[in-house]
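Have the sequence and the 3D view open as you read.

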Amino acid sequence: MAAPHQPDLAVGTARPGLRAWQRAALAAYLAQPRRRDFLVTATPGSGKTTFALALARTLLDDRVVDRVIVVCPTDHLRTQWAEAAAALDLPLDGALTNAVGPVRPDLRGYVTTYAQVAAKPALHAARTAARRSLVILDEVHHAGDGLSWGEAVAAAFDLAPRRLCLTGTPFRTRPDERIPFVRYEPDADGGWRSAADFSYGYRDALRDGVVRPVVFAAYTGTSRWRNSAGEVIAASLSEQSTRSVEATAWRTALDPRGQWVPHVIAAMDERLTHLRRHGVPDAAGLVLASDQDTARDYAEIVERVTGETPVLILSEDPKASEKISAFTHGTQRMAVCVRMVSEGVDVPRAACLAWMTSYRTPLFFAQGVGRVVRARAAHEAATVFLPAVRPLLTLAAELEDDRNHVIPPPSDAAEDVLDVVRPEPEPGEQERSELVDADASFAHILHGGRAVMAAPLTEELSAEDEEYLGLPGILSPEQMAALLARRDAHARDRAAGSGPATDVDDGAPAGDTGAPVGWRAGAELRREVNRLVGVLAARTGTPHGRIHAELRRAVPGPASAAASAEVLEARRDHLMERLG
């Protein structure tokens with residue numbers, strides 16, 4: 001076997017060259033010529049595919065390997081890998097099935113999926129053993145999606161002389177379900193963490209101009225539902241509550257029959273319109289839904305609010321891959337999807353994401369946000385619209401800070417530490433609940449790990465200033481929040497005009513001490529209380545939930561979402577006194 005040499009880093013004739021991090025990762029790999037397994041963790045959108053194919057081309061040219069096998073999560077990504085490889089004069093079969101035995105002799109390898117490997121691991125083991133193979137495991141955490149998948153990957157590629165593992169986000173696995181070919185190290189909490197051989201985080205990519213800056217726009221609102229006992233419960237997304245109430249309020253807000261969803265879709269449409277008028281004519285948005293039925297409902301809302309039919313991408317649709325490709329290269333404003341566009345799919349023109357799903361694991365969150373961070377031009381920024389619930393705000397702050405290679409597990413030591421993984425349901429969490437309504441309002445943006453409210457602008461911003469909305473360092477965080485809040489009023493009007501108006505008996509929740517306030521009539525008072533809480537939180541550094549709790553002690557009564565007009569007015573006056 002020939003010893004690998006330091007290659008010409010402008011690998012391939014169809015590419016201008018590699019990015020600095022790709023050159024560094026390639027050099028790190030070549031510095032360990034006898035290493036069989038190599039794990040690269042690189043932030044979504046940074047170019048892991050290009051790096052892997054450059055390495056494959058190098059090892060083929062040096063005759064270290066004779067075949068390249070790529071394993072990825074979905075059929076669409078098979079096509080994406082095959083097309084990228086073809087551009088480097090590295091022909092891979094992107095449609096090879098388990099029913100076909102040998103790889104065509106005129107090809108340098110093939111692309112398959114984890115599901116195909118799990119179906120016939122012995123077949124892939126035979127293909128691997130037939131030629132000296134480099135196996136590229138894309139988004140390798142999928143090998144831990146189930147014990148059978150991990151076992152199949154281990155059996156299929158155990159004899160491969162070279163294995164390259166790729167992931168876009170940090171991952172952890174249970175001690176009894178470690179991912180094959182990944183090296184682990186003990187962490188400070190007594191568990192195990194993956195040990196990457198080369199890491200390239202979001203902060204590095206942002207510094208290098210590889211990804212866009214992200215603005216997280218959090219939307220609060222009041223969810224109202226009727227429980228199985230017939231009681232009407234109301235809760236704000238941003239107020240501190242039990243996990244059970246928080247989960248139901250979140251789920252109710254995402255109900256397509258309420259007003260929260262059309263409001264946020266209208267806000268994202270406003271942002272896309274602004275981008276398209278100021279230098280990004282093909283800017284697009286992704287709406288991420290929890291399931292296929294809800295995705296269909298969201299698509300109808302998008303059409304009603306925007307006047308344009310979105311692209312609906314569902315895994316059961318045999319034309320899903322074609323739709324993704326068409327959307328990637330087209331001009332449609334929005335696409336609604338479940339998981340098809342959450343991982344690995346490259347849609348550079350997607351600049352906005354509406355997080356309308358109950359998924360809240362660090363892995364899925366980072367992958368979802370990764371769909372809108374790929375940079376194309378210096379003036380572009382990404383905007384993620386999300387519910388102002390504690391788990392998502394925590395994940396957004398962690399992604400923004402990019403502070404750890406391995407995300408630490410949540411701690412129960414302090415009451416203000418937020419859960420970031422789905423907890424076990426508390427008693428009553430899964431009980432039947434019936435939507436009454438859900439409204440939405442802009443809450444804040446995240447900047448530097450803190451919530452920035454929409455304070456009044458001291459001076460009017462010009463059209464040129466507004467063009468740079470979302471670029472840190474151009475506008476202050478307060479200006480960005482003020483502009484989003486200003487546009488939010490228009491989004492509220494559009495949402496109210498698009499959704500069905502249903503009159504419901506507005507019974508008062510147990511514990512209310514006063515005449516119940518109609519949810520529409522009290523919306524402005526609640527927004528004013530929430531805004532003042534935000535201003536006080538920003539001024540004092542106190543968490544929002546703690547201020548809400550102090551407010552309820554100072555002005556007794558139910559949570560603001562269910563309080564009477566008199567209680568809301570008293571709380572507003574109390575907050576204004578504290579602010580001076």
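Is Cys 72 buried or exposed? Cys 72 is buried, because its relative accessible area is 0%, where buried means under 20% relative accessible area, exposed over 50% and partly exposed in between, using a 1.4 Å probe and protein chains only. Cys 337 is buried too, at 1%. The structure holds zero disulfides, a disulfide being a pair of cysteine sulfur atoms within 2.5 Å.

A word on the ground rules. This is a predicted model, in which local features need pLDDT of at least 70 and side-chain atom pairs count only at pLDDT 80 or more, while totals for chains, interfaces and linings use all residues. Residues are numbered from 1 along each chain as its sequence is written, and side-chain values use heavy atoms, with hydrogens and water left out.

Now zoom out. The protein has 18 helices and 20 strands; these are DSSP runs numbered from the N terminus, with helices (H or I) of at least four residues and strands (E) of at least two. Of the 580 residues in the protein, 54% are buried. Take the contacts (heavy atoms within 4.5 Å) between residues at least 6 apart in sequence: 74% of them join residues at least 24 apart.

On the H1 side the contact includes Trp 21, Leu 26 and Tyr 29, and on the H2 side Phe 51, Leu 55 and Leu 59 are among the partners. The residues of this contact divide into eight nonpolar, three polar and one charged. For that tally, Ala, Val, Leu, Ile, Met, Phe, Trp, Tyr, Cys and Pro count as nonpolar, Asp, Glu, Lys and Arg as charged, and the others, Gly among them, as polar.

H2 (residues 48-61) also packs on H3 (residues 75-87), at an angle of about 55° and with the axes 10 Å apart, so H2 and H3 are oblique to each other. Here Thr 49, Ala 52 and Leu 53 of H2 meet Trp 81, Ala 84 and Ala 85 of H3. That set splits into five nonpolar, one polar and no charged.

Ile 547, Glu 550, Leu 551, Arg 552 and Ala 554 of H17 make the contact with Arg 571, His 574, Leu 575 and Arg 578 of H18. This contact has four nonpolar, one polar and four charged residues.

Finally, two loops deserve a look. Most residues other than glycine have a negative phi. Glu 139, though, has a positive phi near 50°; Glu 139 sits in the loop between strand E5 (133-137) and helix H6 (147-157) and is buried at 1% relative accessible area. Phe 181 also has a positive phi, near 70°. Phe 181 lies in the loop between strands E6 (162-167) and E7 (184-186), and is buried at 15%.

Definitions and conventions:
Axes fitted to C-alpha atoms, helices over the stretch in contact; angles between N-to-C directions. Parallel < 35°, antiparallel > 145°, perpendicular 65-115°, else oblique.
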